[in-house]
Amino acid sequence: LTQGDDVFVGKLLGAAALGLYQMAYTISNLPSTELTSVLNRVTFPAFSKVQSNPTRLRRLFLRSFSIAAADAIPIAGEIFVLAEELTWVLLGPQWMPMVPTMQVLAVWGCIRALGGSTSPLLQALGRPHLITLFHLIMVVLLIIFIYPLTMQWGILGTGLAVAVGNFIVHWFRYPIIAREIQSPSWAIYRLVLLPFIATVAMVGATFVLKSSLGIF
């Protein structure tokens with residue numbers, strides 16, 4: 001699931017394309033790698049401690065999920081809208097072909113960060129088989145999408161294959177999480193709504209500044 005796309009790009013498109021793809025992947029996954037890994041180390045023991053108290057567990061999970069959403073969504077939004085500038089300034093013009101791929105993977109990085117924040121809850125509740133099931137479905141979807149999309153759009157297609165499969169799985173992940181914490185699904189989805197609206201406004205404002213005022 002995490003390395004199959006690299007192997008596929010390297011074999012099908014060559015080393016140069018693989019280098020572009022891996023750099024786009026690394027930058028776009030900052031929300032998940034830098035945020036979720038830290039958050040998960042804290043929440044797993046916390047969830048385990050209160051697993052026998054449904055009310056406290058539900059309150060603690062919703063609080064931790066809201067923190068993940070408030071951080072991951074804006075970070076992904078700024079990576080998306082500033083991908084061109086970040087690449088030009090930090091890496092140089094030779095890396096510019098990876099910009100569209102980085103934008104697609106930024107969306108996936110956000111989805112991954114939010115989905116990853118639910119894994120400690122399932123582990124604490126003794127449901128690791130659900131994590132395995134989610135990953136298995138994502139692998140199957142990746143296998144289905146990666147070849148036709150990569151052949152059509154190169155590394156951008158590979159990024160789309162990764163993002164689409166994850167989006168499909170994570171969209172259906174939250175009703176299961178809601179059932180486990182004895183909460184309605186909307187209680188989880190609404191925690192994403194405000195950061196999403198704020199991020200859309202931020203991305204829109206940044207885009208206006210870039211296009212109308214010529215700010216690089």
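Analyst: A crossing of two helices is left-handed if the near helix is turned anticlockwise from the far one by less than a right angle, and right-handed if clockwise. The model discussed here is predicted: local features need pLDDT of at least 70, side-chain atom pairs count only at pLDDT 80 or more, and totals for chains, interfaces and linings use all residues. Residues are numbered from 1 along each chain as its sequence is written, while side-chain values use heavy atoms, with hydrogens and water left out.

User: Which hand does the crossing of H6 and H9 have?

Analyst: The crossing of H6 and H9 is left-handed. Helices (H or I, at least four residues) are DSSP runs, as are strands (E, at least two), and the numbering starts at the N terminus. H6 covers residues 99–116 and H9 covers residues 155–180.

User: At what angle do the axes of H6 and H9 cross?

Analyst: Axes are lines fitted to C-alpha atoms, for helices over the stretch in contact, and the angle between N-to-C directions runs from 0 to 180 degrees. For H6 and H9 the crossing is at roughly 20°, and the axes come within 9 Å. That angle makes H6 roughly parallel to H9; the classes are roughly parallel under 35 degrees, roughly antiparallel over 145, roughly perpendicular from 65 to 115, and oblique for the rest.

User: Which residues of H6 meet H9?

Analyst: Contact means heavy atoms within 4.5 Å. From H6, the residues that meet H9 include Val 104, Leu 105, Trp 108, Ile 111 and Arg 112. On the side of H9, the partners include Leu 160, Ala 163, Asn 166, Phe 167, His 170 and Tyr 174. By class, this contact of H6 with H9 has 13 nonpolar, 5 polar and 2 charged residues. Here Ala, Val, Leu, Ile, Met, Phe, Trp, Tyr, Cys and Pro count as nonpolar, Asp, Glu, Lys and Arg as charged, and the others, Gly among them, as polar.

User: How do the axes of H1 and H9 cross, and at what angle?

Analyst: Helix H1 (residues 4–13) and H9 have axes that come within 11 Å and cross at roughly 155°. H1 is therefore roughly antiparallel to H9. The crossing of H1 and H9 is right-handed. In this contact, Asp 5, Val 9 and Leu 13 of H1 meet Ile 155, Thr 158 and Val 162 of H9. The residues of the H1 and H9 contact divide into 4 nonpolar, 1 polar and 1 charged.

User: How many aromatic pairs are there?

Analyst: A pair of aromatic rings is described by the distance of the centres and the angle of the planes. Rings of Phe, Tyr and Trp (its six-membered ring) pair if their centres lie within 6.5 Å; planes under 30 degrees apart count as stacked, over 60 as edge-to-face, and the rest as tilted. By this rule the count is 9 aromatic pairs. In one of them, the ring centres of Tyr 21 and Tyr 25 are 6.2 Å apart and the planes stand at 45°, so the pair is tilted. Tyr 21 and Tyr 25 both belong to helix H2 (residues 15–28), where they are 4 residues apart, about one turn of the helix. Ring pairs also link Phe 47, Phe 61, Phe 65, Phe 167, Trp 171, Tyr 174 and Tyr 189 into a cluster.

User: Is Tyr 21 buried or exposed?

Analyst: Buried means under 20% relative accessible area, exposed over 50%, and partly exposed in between (1.4 Å probe, protein chains only). Tyr 21 has 0% relative accessibility and counts as buried. Tyr 25, at 16%, also counts as buried. Ile 137, in helix H8 (residues 128–153), is partly exposed at 38%.

User: How many residues separate Leu 57 and Gln 182 in sequence?

Analyst: Leu 57 and Gln 182 are 125 residues apart in sequence, with a C-alpha to C-alpha distance of 9.6 Å. Leu 57 lies in helix H4 (residues 54–81) and is buried at 3% relative accessibility. In helix H10, Leu 191 is 121 residues from Ala 70 in sequence and 8.4 Å from Ala 70 in space, C-alpha to C-alpha.
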